[in-house]
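Here are my notes on the model you sent. They are arranged as numbered points, to be read alongside the coordinates.

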Amino acid sequence: MNATVDPFSDRRRWQWLALAVGLGVLVWLLGPVLTPFVISALLAWLGDPLVRRIERSGRSRGTGVVLVFGLMSLVLVLGVLLLVPLIESQVSKFIDWLPRFGLWITGTAVPWAEHRFKVDLAGYVDPSQLIELLKQHWQQAGGVAATVFGGVSKSGLAILGWLANLALIPVVTFYFMRDGWGMLEKVRVMLPRPIEPVVSRLTRESDQVLGGFIRGQLSVMISLGAIYAVGLTAVGVDLGILIGLVAGLVSFVPYLGAIVGLGAAVIATMVQHGDLMHLALVLGVFGLGQLLESFWLTPWLVGDKIGLHPVAVIFAIMAGGQLFGFLGVLLALPVAAVAVVVGRYAYDRYTHSRLYGADDEVVPADVAAAVAKVPVGSEGDEYAAPPPGDAGQGPTPNP
């Protein structure tokens, strides 16, 4: 009988570590080239469950790919045509609101806080400086964008490269959706046989973790953003759409979207209306949103499939952006999902290893037998009763 080969022996560990480091360096060097391919892979992966569902209904995979690809393209085009002008209008309205916001701070918020908490705040609060700071940063952001696009416009090759990458995304997405499983199968066949079962199992688990997070949480974010935007607009908040979209966008962290959105909506309502009725309506909108999220959206769309802590998600996105730029942001969640699955596997191996002392554990049956032999007396007895079979031979009480 052949001995089982350990795919993670010392020599093989160093080999896999060197391979991982080499791949990391290669990704860092090829970041600008890989970005459209990573975007295409993520889009194809998001649409793959619907393609497989259509395929299971009896249609060919090509038909499913064409239908899903057309649907995704239509949603993207409609989103750009509808949301971009709407967001631009809301941002312009927010900029126009800044003077009103400053007057509300100096005329209402600061006097109320001084009277309520008996502190002097007027000398420390200067909304004009805050407004000027926001305008400067807004102008700087516009200046950066103008600089970037101005630099791009100076180079015809750069423009062609940017347009080529943009046009490449839908083409590569289509091919990934159609041939992705075949590509993965070829990679699986090329894996060394000793590690193929482990890698295949970890890949399936990573797909479940990542799918549960991205597909479910993305659906929750879109739903909450729509609920907040429609609700706030319905109760008369001029910036309701912008506040709702921001609250939905940051709702991947539990309660953060509600806290940020509620704070912004309360300030906007007090600045615009300044009465308790509108404030109560705003509170009702966010209360309804939280009820729907807790009892319907999250259990139905996400369930218990996430496996990624919100803090880990935030750290992964920030670390990916710091190390690899925009490509790192795209790869952050897939890498985090793989890290979670590999961490669970490593923990399982550790708890069954000699280092953990798994071979030295006392057998539960032996523990139960030893406990059964210990004499147990009733509460308050001066000495324990003799064990069964030893009547009359128990221990003598102390004098």
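1. Aspartate 48 and arginine 52 form a salt bridge, with their closest N and O atoms 2.9 Å apart. The model is a predicted one.

2. The two residues are separated by about one helical turn, because they sit four residues apart in helix 2. Aspartate 48 is buried, at a relative accessible area of 9%, whereas arginine 52 is partly exposed, at 30%.

3. This pair belongs to a network of salt bridges that links Asp48, Arg52, Glu55 and Arg61. The structure holds seven salt bridges.

4. Helix 2 covers residues 31-56, and its 26 residues reach 37 Å from the first C-alpha to the last, close to the expected 38 Å. Aspartate 48 also marks a bend of about 40° in helix 2, with proline 49 following within four residues. After helix 2 comes glycine 58, which has a positive phi, near 115°.

5. Asp48 is one of the buried residues of helix 2; Trp45, Gly47, Val51 and Ile54 are also among them.

6. In helix 5 (residues 156-190), arginine 188 and glutamate 185 lie three residues apart, about one turn of the helix. They form a salt bridge with closest N and O atoms 2.6 Å apart. Arginine 188 is partly exposed at 29%, and glutamate 185 is partly exposed at 37%.

7. Helix 6 (residues 196-234) contains arginine 201 and glutamate 205, four residues apart. Their salt bridge has closest N and O atoms at 3.2 Å. Arginine 201 is partly exposed, with a relative accessible area of 34%, and glutamate 205 is partly exposed at 26%.

Conventions. Residues numbered from 1 in each chain as written. Predicted model: local features only at pLDDT ≥ 70, side-chain atom pairs only at ≥ 80, totals over all residues. Heavy atoms only, no water. Expected span 1.5 Å × (residues − 1). Bend = angle between axes of the 7 residues up to and from the residue. Buried < 20%, exposed > 50% of the residue type's maximum accessible area, 1.4 Å probe, protein only. Salt bridge = Lys/Arg side-chain N within 4 Å of Asp/Glu carboxyl O.
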